[in-house]
Amino acid sequence: MRVRNIGILAHVDAGKTTLTERILFATGMTHRTGEVHDGDTVTDFDPQERDRGITIFAAAVSCDWAGHRLNLIDTPGHVDFSDEVERSLRVLDGAIAVFDGVAGVEPQSESVWRTADRYGVPRIAFVNKLDRPGADLDAAVASIRDRLEVTPLVVQVPIGREGDFAGVVDLVDNPPPSARTARRELEEAVAELHPEALEHLDDMPDETLRKALRDLTISGQAVVVLCGSAYRDKGVEPLLDAVIDYLPAPGGDPAKDLVALVFKRRERLTYLRVYDGTITKGDTVWDAGAGRTERIARILRVQADRHTDIDRAVAGDIVAVAGVKAARTGTTLSSRQRPVLLEAPRTAEPLVSVAVEARTRAGALKLPAALAALAGEDPSLSVRTDPETGQTLLSGLGELHLEVAVEKVRQSTGLELTVGRPRVSYREAVTGGVTGMLYRHVKQDGGAGQFAHVVLDVTPEPGTGFVFASTVTGGRVPAEYIRAVEAGCREALGDGPLGGHPVVGLRVTLTDGQTHPKDSSEMAFRAAGRFGLRAALRACTLTLLEPVAEVTVSAPSDALGAVLGDLAARRAQVTDSTVRTVTATVPLSELFGYATRLRSRTHGRGTFTSRPAGYRPAA
């Protein structure tokens, strides 16, 4: 059977999960449609998702349409769970980007769009909720063009507006005479981008137009735009047809050696995308990154929280497997004869931390293992011990992310937990460097000694990254020792001199060094890199950086004065404002509890969205 691996992407509340429900119903996988507000949808099956009314965990389902199997992943829309979207996009061949017909492109819509750009995932757009008051397809399309910097190609026009919305007219397949003007505009827009379509501009066959739209979608030159109302089941079946017509099939060869990527772990299951080869139940596969084998005990076709055993998975499949014990997100599984390492999904750095303690001594013994298991499932969570207080710190992407994580520990273990107030993750940036910092690492305590001599320059580097270089000549430091120095420098970055925060924005150059014929080793030069950079950083000028977020607040015009005053008190930098919205950059530490404050200031009429916007010097 032919396959499409697709995700559904959007800002929170744009209607992704409702659309997924209608797709499952239209394809015959369910016999009734669940509703988010009733807590009975297929993909939002976790108790917290149903309680909160939002998607938290990416959920995979499969269905059949027009002779194709659709492997579909419903992804979260809240910014705190953007890493779930990142991991999903890494293994998808295409996506449906859902936009609210009233709001158009919203902040998280733009963020996930940029992530899809980075992974080269072709998309089609679905402008949803056209039955809502204020819905406007033209305005939504304009926001797609302006904010996403992509050419939208509208292939449907709505029948009726807002409450009178009754369906859509297709412009590709034999449109009615009433839609000829819109069809002609579509043909002209496509012809500007596609040479073959330009040749047929005078009389463009439907099939030529469809092929051109597919080519432009897959190449990323344009995005096909459809519209409808998922809640009222309008435009869903044409959207499924568009998935088949415009989004690509997975590549790969089932006869080749195995190549599969782990993109998610949940409880005892490991989720894989198979790129080449075949996995059969009972196979032993190779984790090249860790240099160990894993055994595939079971292979499961996933239907959200339900699973069906299958005997094998082939290139193009997305499945779950049981029995894999050590492989983590980003692990490549392959054959031992031909090991392969694929690019792993990126993991965002934690921005917010809370102290977590068990209330009983028995609970304190269980808590570390529970938190470690949680971080094993979600790489965007990290667990560490505060060296000053001895507290266990759980770090994540936001308040909600941490709330969900802590509640998951409570539910899975039954532990009573005390959770501290959230605090942000600061960074230390180099603003003034140092040159010629010499460090000697010498140890002699009987037996083999350790000797490493390094000279380091440290200079500011634009951005919040780290660059390592070497200008050593004449073989004074062998290449393997240079790599060891870099590794040691990277270890030193985790604990800056200002307050023990990670250090960013620097370039370290190894300019000279010296070895000993017997006592030099990679371990010695690694230690020299670590301790040498720590000494250099104490001589540098550094500044403290705090994480900031771009916040868009919507409120009635008579409440905007109160909103602006409150934002000013939170050290916000306003970047844009209209009669009903304000966009500002706000320190993340100032946003704790902001939702409650905003409701109070606007008498319950204000809403806001936010997304990470990097770091800036702390005030």
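Analyst: Glu149 is exposed in this predicted model. Its relative accessible area is 65%, and the cut-off for exposed is over 50%. Glu149 sits in the loop between α5 and β6 (151-154). Phi of Glu149 is near 55 degrees, a positive value in a residue that is not glycine.

Lys129 also has a positive phi, near 60 degrees, and is likewise not a glycine. Its loop runs between β5 (123-128) and α5 (137-148). Lys129 counts as buried, because its relative accessibility is 18% and the limit is under 20%.

Now the helix pair. The axes of α3 (residues 82-89) and α4 (residues 107-119) come within 10 Å and cross at roughly 30 degrees. That makes α3 roughly parallel to α4, since angles under 35 degrees count as such. The crossing is right-handed. From α3, Ser82, Val85, Glu86 and Leu89 make the contact. From α4, the residues are Gln108, Val112, Thr115, Ala116, Arg118 and Tyr119. By class, this contact of α3 with α4 has five nonpolar, three polar and two charged residues.

Next, the cores. The largest nonpolar core holds 46 residues. Leu19, Ile96, Ile124, Leu186, Val190 and Leu213 touch the most other members. Helix α9 (residues 236-246) supplies the largest share of this core, seven residues. Leaving aside neighbours within four places in sequence, Leu213 is in contact with Leu153, Val155, Val172, Leu186, Val190, Val224 and Tyr246. A second, separate core has 33 residues, including Val406, Val409, Leu588 and Leu591.

Technical notes
Residues are numbered from 1 along each chain as its sequence is written. This is a predicted model: local features need pLDDT of at least 70, side-chain atom pairs count only at pLDDT 80 or more; totals for chains, interfaces and linings use all residues. Side-chain values use heavy atoms; hydrogens and water are left out. Axes are lines fitted to C-alpha atoms, for helices over the stretch in contact, and angles run from 0 to 180 degrees between N-to-C directions. Helices (H or I, at least four residues) and strands (E, at least two) are DSSP runs, numbered from the N terminus. Angles under 35 degrees count as roughly parallel, over 145 as roughly antiparallel, 65 to 115 as roughly perpendicular and the rest as oblique. A crossing is left-handed if the near helix is turned anticlockwise from the far one by less than a right angle, and right-handed if clockwise. Contact means heavy atoms within 4.5 Å. Ala, Val, Leu, Ile, Met, Phe, Trp, Tyr, Cys and Pro count as nonpolar, Asp, Glu, Lys and Arg as charged, and the others, Gly among them, as polar. A nonpolar core is a set of buried Ala, Val, Leu, Ile, Met, Phe, Trp, Tyr and Cys residues joined through side-chain atoms within 4.5 Å. Buried means under 20% relative accessible area, exposed over 50%, partly exposed in between (1.4 Å probe, protein chains only).
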